[in-house]
Amino acid sequence: MKFNTKIIHGGQHPEKTTGAVMPPIFQTSTFVQTSPGKPIGDYDYARSANPTRTALEESLASIENGVRGLAFASGLAAIDAVMKILKPGDEVIATDDLYGGTYRMFTRFYEDFGIKFHYVDMTNLEKLESLINSNTKLIWVETPTNPLMKLVDIIEIAKITKKNELLLAVDNTFATPYLQKPLDLGADIVMHSATKYLGGHSDVIAGALVVKEEELGKKLHFAQFATGGILGPMDSFLVLRGIKTLHLRMQRHCENGIKVAEFLNNHSVVKTVYYPGLESHPNHSIAKKQMIGGYGGMVSFTFKSEKKEDAVKFLEKIKVFTLAESLGGVESLANYPVLMTHASVPAEKRTEIGITDDLVRLSVGIEDIDDLIADLEQALMS
């Protein structure tokens, strides 16, 4: 079954009792048992499993070519479940240019629980390997990264993790399985903030994990079940509905994304454009090898003036783009990382990795490209 068909049918079956084409919203917390420990069907308590969530999880596994999917209350809840299979004394090597919420979780919570984190530019494979020791258990990767759109060569990092018997987890939120399939490239775990492109309509908060080995899936399900970070049935329904149009939306996000990047790259007030589809991007060759059929809808840029004031003025003037947190919805959004997504990252750390005060991140939506370009043009005018 090809991807565009999997999006609709992968892992999906008509509902058993009614034949409903779309999975119903099973808005129930518990299920009847005929005798203690003997439920009527496959379900006993909704924290463990719910039919609507199961339908979503089977879809997630299908589109990422995994053996098991797990749906969580948020992307951070999904990351939290991965951290919970570690123990004090373990070490994690993570991408230096991380989403601020991930960085906050690692530094403000799990460091206090005795887990040590190293942050490294993972385009430098020698530096990555030099940090591996007997306590290292996990490599955590974002590609493309948030917000600087760095790309990591998953195949090459997977060679390192396999040689050292480490887990490799990849945050695939920006690329989605439409463009990139980390499990096929050697990763063990794929994570999504399903709030973003999978949901696609800015109306749900959700997270997802997909694994390629059943035993790992069991460990992560136990972490989910035992600590309760589950996705409810209504939100499961919304994400599943969003997935069914993922391929159509991503095609337009990619078409608009490259045009916005090219426009900004040629604009007189713009200094640097971060978009993997541009030949000037330092990791463009990785993007060509690793991303299938496009480069996504996320674009970041800075100003030649290098002034915070110019970024703020631009964000106050946009009309079609909306200044808001999040990304991946059908509508175009603009974000100011320093005060929004990466406010929890210390200023010196932001400076070190290149998140400057004049950096703007765009989530390019599926509107008419002429309207998007016109909006950017008027907002960039002095």
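1. Let's start with one serine. The side chain of S332 makes a polar contact with the side chain of E367, at 2.7 Å. A polar contact here is a pair of N or O atoms within 3.5 Å; within protein, one must be able to donate a hydrogen and the other to accept it, and residues adjacent in sequence count only if both atoms are side-chain atoms.

2. Before going on, please keep in mind that this is a predicted model: local features need pLDDT of at least 70, side-chain atom pairs count only at pLDDT 80 or more, and totals for chains, interfaces and linings use all residues. Residues are numbered from 1 along each chain as its sequence is written, and side-chain values use heavy atoms, with hydrogens and water left out.

3. Where does S332 sit? S332 lies in the loop between β12 (322-323) and β13 (333-335). Helices (H or I, at least four residues) and strands (E, at least two) are DSSP runs, numbered from the N terminus. With a relative accessible area of 0%, S332 is buried; buried means under 20% relative accessible area, exposed over 50%, and partly exposed in between (1.4 Å probe, protein chains only).

4. Now look at helix α8, residues 214-227. Its buried residues are L216, G217, L220, H221, A223 and Q224. They cover an arc of only 155 degrees around the axis, which puts them on the same side of α8; the arc is that of the directions from the helix axis to the C-beta atoms. The face turned away from this buried side carries the exposed residues E215, K219 and F222.

5. Five strands form an open sheet with mixed pairing, in the order β10-β11-β14-β13-β12. β10 (270-274) and β12 stand at the edges with a single partner strand each, so one side of each is left without a neighbour in the sheet. Two strands pair if DSSP finds at least two bridges between them. Three bridges join β10 to β11 (residues 298-303), and these two run antiparallel.

6. Finally, how many aromatic pairs does the structure hold? There are nine. Rings of Phe, Tyr and Trp (its six-membered ring) pair if their centres lie within 6.5 Å; planes under 30 degrees apart count as stacked, over 60 as edge-to-face and the rest as tilted. Among them, F301 and F303 form a tilted pair, 5.3 Å centre to centre with 50 degrees between the planes. Both F301 and F303 are buried.
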